[in-house]
Amino acid sequence: MFQVLSLLKIPGTAQHYLECQSEECKRNCEFYCNTCHLQLCKQCRDEHLRAQENKNHDVVIYQERTRKPPLQKCEIHPTKDTDMLCEECQVSLCSKCATSQDHKGHSFTDLEKIHAENLALWQVEIDKICEYFMPTSQSLQNEVRDDAKEIKKIMNNMRESLIVDADSLRSFVDAVVTRNMKQIDQIENSLLKDIETQEDTFTNYITYLNDLVKEFN
Ligand SMILES: [Zn+2]
Ligand SMILES: [Zn+2]
Ligand SMILES: [Zn+2]
Ligand SMILES: [Zn+2]
């Protein structure tokens, strides 16, 4: 799949402004000569097809053009580009190779045709990606985002109830402490009262004893 994704970046698939490739023309290109691999405007297309030598050229609207395969130099004849495939040897050949003894009697296929067939196959893969993998991945991504939102919501609820719990615990502890403090105060008061009573008793007794000593004296 990754291999196919990189094909989405084939130059020429982007929709941008295209110029007519006739010399000095620069008008907007709408047509394409598959035979010459040339972008043409309407006027230049008419002119191109009027010329006697171009009579049989395959001119189509630009979007339906046959794409030119990337040029590759022949390894045996470096000045020439390869433009066909030997079916028997499965190697690409230039026009010089094709006439050599090595490939005598072999059958050749136009590389342009193979390239066009491959592009059609890739297009199927690209369509599959755009129509199935892309929307499926996007909807899965949306689901994941929804999951994240849901998790945040749950966690926020947990935080809120934790704060509520902490508040009620705090007021419970406060109430218990206040109640116990009051009890301690009460106990202290009653104990001190007892002590006061005993003190009075002893004071009285000592006074009595003193009086008694005075009397004896
Ligand atoms: Zn042409
Ligand atoms: Zn033109
Ligand atoms: Zn060659
Ligand atoms: Zn061959």
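The model is predicted, so local features need pLDDT of at least 70 and side-chain atom pairs count only at pLDDT 80 or more, while totals for chains, interfaces and linings use all residues. Residues are numbered from 1 along each chain as its sequence is written, chains are lettered from A and ligands numbered from 1 in the order in which they are written, and side-chain values use heavy atoms, with hydrogens and water left out.

**First stop: the zinc ion (ligand 2)**

Select the zinc ion (ligand 2) together with C20, C25, C41 and C44, whose SG atoms are its protein donors at 2.1 to 2.4 Å. Donors are N, O and S atoms within 2.8 Å of the metal (3.2 Å for Na, K and Ca); because water is not among the atoms, sites may look incomplete. The angles among the 4 donor atoms run from 96 to 115 degrees, and the site is tetrahedral. Four donors count as tetrahedral if all angles lie between 85 and 135 degrees. For reference, the ideal angle for four tetrahedral donors is 109.5 degrees.

Along the chain, the donors of this ion follow the spacing C-x4-C-x15-C-x2-C. C20 lies in the loop between α1 (2-7) and β1 (31-33), whereas C44 belongs to helix α2 (residues 42-50), so the pair ties together parts that are 24 residues apart in sequence. Helices (H or I, at least four residues) and strands (E, at least two) are DSSP runs, numbered from the N terminus.

C41 is buried at 1%, C20 is buried at 5%, C44 is buried at 11% and C25 is buried at 17%.

C36, in the loop between β1 and β2 (38-40), and H57, in the loop between α2 and β3 (59-61), link parts of the chain 21 residues apart. C36 is partly exposed at 33% relative accessibility, whereas H57 is buried at 19%.

C86 is buried at 0%, while C89 is partly exposed at 34%.

Display the open sheet of 3 strands, ordered β5-β4-β6 with antiparallel pairing. Two strands pair if DSSP finds at least two bridges between them. At the edges stand β5 (91-93) and β6 (108-110), each with a single partner strand, so one side of each is left without a neighbour in the sheet. Strand β4 (residues 84-86) pairs with β6 over 3 bridges, and the bridge partner of L85 is T109 in β6.

Finally, show helix α4 (residues 111-216), which lies across β4, β5 and β6 at about 60 degrees to β6. Contact means heavy atoms within 4.5 Å; axes are lines fitted to C-alpha atoms, for helices over the stretch in contact, and angles run from 0 to 180 degrees between N-to-C directions.

Definitions and conventions
Four donors count as tetrahedral if all angles lie between 85 and 135 degrees; four count as square planar and six as octahedral if opposite donors are over 155 degrees apart and all others between 65 and 115; anything else is irregular. Buried means under 20% relative accessible area, exposed over 50%, partly exposed in between (1.4 Å probe, protein chains only).
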